[in-house]
Each structure stands twice: as structure tokens, then as C-alpha cells.
Amino acid sequence: MIQFTKRSRESAEPDITPLLDMVFILLIFFIIAATFAIHGIDMHLPTSSNSRTYAGKPIEIVLTAEGTLKQNNDPITLHDLTFIIKANAQKEDRQILLIPDRDARVGAFMETINTIRNNGGDRLVIATQPSAPPKGMP
């Protein structure tokens with residue numbers, strides 16, 4: 001007669017330790033990748049009492065205090081700006097966000113605005129910093 005031995009039952013629950021390891025590794029990877037993906041410039045924006053919050057993904061053009069233009073931290077010229085605006089003119093919902101430095105020359109500011117408007121950039125938004133409301137206003 002054949003004798004069968006009883007096996008002890010193994011746990012029916014799966015081991016999730018490798019899954020948790022992968023989740024934590026991916027979390028660390030995305031946190032590190034996100035810190036390198038953020039680009040910015042310290043700007044001293046002009047103040048305005050009519051400032052509003054803006055949401056969306058516009059074409060960002062930065063006008064520095066020295067009068068130079070930048071897009072995505074890359075220096076551009078007014079000639080380059082013309083091509084950027086014309087390339088995005090077909091996209092009706094695409095706005096252009098001009099971020100001027102408070103110390104930028106008025107001439108450079110007006111030249112930039114004229115270049116944007118003359119090349120189909122009708123949806124221009126100018127970034128400002130909200131000023132403090134007058135006393136007595138909420």
C-alpha cells in the first residue's frame with residue numbers, strides 16, 4: 001500500500017513585499033525626476049490691483065530686466081518670437097503669457113507686445129503680482 005503524507009498548507013495570501021519595494025523605488029524615481037523638471041527664473045513682477053489667478057498651459061515668454069527675451073530658459077530674439085507666435089496661431093485656445101520684469105525698459109516691453117500682436121498673438125496675458133488691496137477693502 002502507498003502511503004501519502006500530508007503536506008502542510010502554505011499561506012494562500014500572495015507575498016506583496018516585492019510589490020511594495022517597486023512602488024517605493026518608483027516613488028523615489030518620480031520625486032527625483034520632478035525636481036529636475038522644474039525650471040524657473042526669479043522675477044520681480046510689476047504689481048497690479050486687477051491681478052487674477054490664471055490657469056492653463058500658455059506659451060511663456062519672459063522679458064528680463066536687461067531687455068532680453070527667454071522661452072523655457074532659452075534666450076530668444078524678437079525674430080524667434082515671431083516664428084513661435086505664428087507656429088501657435090492656429091491653436092485658438094493657446095494663450096501667450098508675457099512675464100515682464102518690473103525693471104524692464106518700457107521700450108522693450110512695448111516692442112515685445114507689438115511683435116506678439118502683429119503676428120497673430122491676440123490672446124496675450126501679462127503676468128503681474130497682486131498689490132495689497134486698499135485699507136477698508138476685504
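**View 1. Overall fold of the predicted model.** Along the sequence, the protein chain runs α-β-β-β-β-α-β-α-β-β. That order comprises 3 helices and 7 strands, where helices (H or I, at least four residues) and strands (E, at least two) are DSSP runs numbered from the N terminus. The model is predicted, so local features need pLDDT of at least 70 and side-chain atom pairs pLDDT 80 or more, while totals for chains, interfaces and linings use all residues. Residues are numbered from 1 along each chain as its sequence is written, and side-chain values use heavy atoms, with hydrogens and water left out. Of the 138 residues in the protein chain, 23% are buried; buried means under 20% relative accessible area, exposed over 50%, and partly exposed in between (1.4 Å probe, protein chains only). Among contacts (heavy atoms within 4.5 Å) with a separation of 6 or more, 74% join residues 24 or more positions apart. The chain exposes about 11300 Å², with 57% supplied by carbon and sulfur atoms; areas come from the Shrake-Rupley method with a 1.4 Å probe, and for residues only the protein chains shown count as cover.

**View 2. The largest nonpolar core.** This core has 15 residues, and I61, L81 and I96 have the most contacts inside it. The elements giving two or more residues to the core are β2, α2, β5 and α3. A nonpolar core is a set of buried Ala, Val, Leu, Ile, Met, Phe, Trp, Tyr and Cys residues joined through side-chain atoms within 4.5 Å. Not counting residues up to four places away in sequence, I96 touches P58, I59, I61, I85, I116, G121, R123, L124 and V125.

**View 3. Helix α2 and its cover.** In α2 (residues 78-88), the buried residues are L81, T82, I84, I85 and N88. Their cover includes β2 (59-63), β3 (69-71), β4 (74-76), β5 (96-100) and α3 (106-118). T82 counts as buried at 17% relative accessibility. Leaving aside neighbours within four places in sequence, T82 is in contact with T115 and N119.

**View 4. Helix α3 and its buried side.** The 13 residues of α3 reach 18 Å from first C-alpha to last, close to the 18 Å expected at 1.5 Å a residue; the expected span is 1.5 Å times one less than the number of residues. A108, T112, I113, T115 and I116 are the buried residues of α3. They cover an arc of only 160° around the axis, which puts them on the same side of α3; the arc is that of the directions from the helix axis to the C-beta atoms. The face turned away from this buried side carries the exposed residues V106 and N118. Cover for the buried residues of α3 includes β2, β3, α2, β5 and β6 (124-126). Just after α3, G120 takes a positive phi of about 95°.

View 5. Most residues other than glycine have a negative phi. N72, not a glycine, has a positive phi of about 55°, and N73, also not a glycine, has one of about 65°. N72 counts as exposed at 63% relative accessibility, whereas N73 counts as partly exposed at 34%.

**View 6. The aromatic pair.** A search of the whole structure finds 1 aromatic pair. The rings of F29 and F30 have centres 5.3 Å apart and planes at 70°, so the pair is edge-to-face. Rings of Phe, Tyr and Trp (its six-membered ring) pair if their centres lie within 6.5 Å; planes under 30 degrees apart count as stacked, over 60 as edge-to-face and the rest as tilted. F30 is exposed, with a relative accessible area of 54%.
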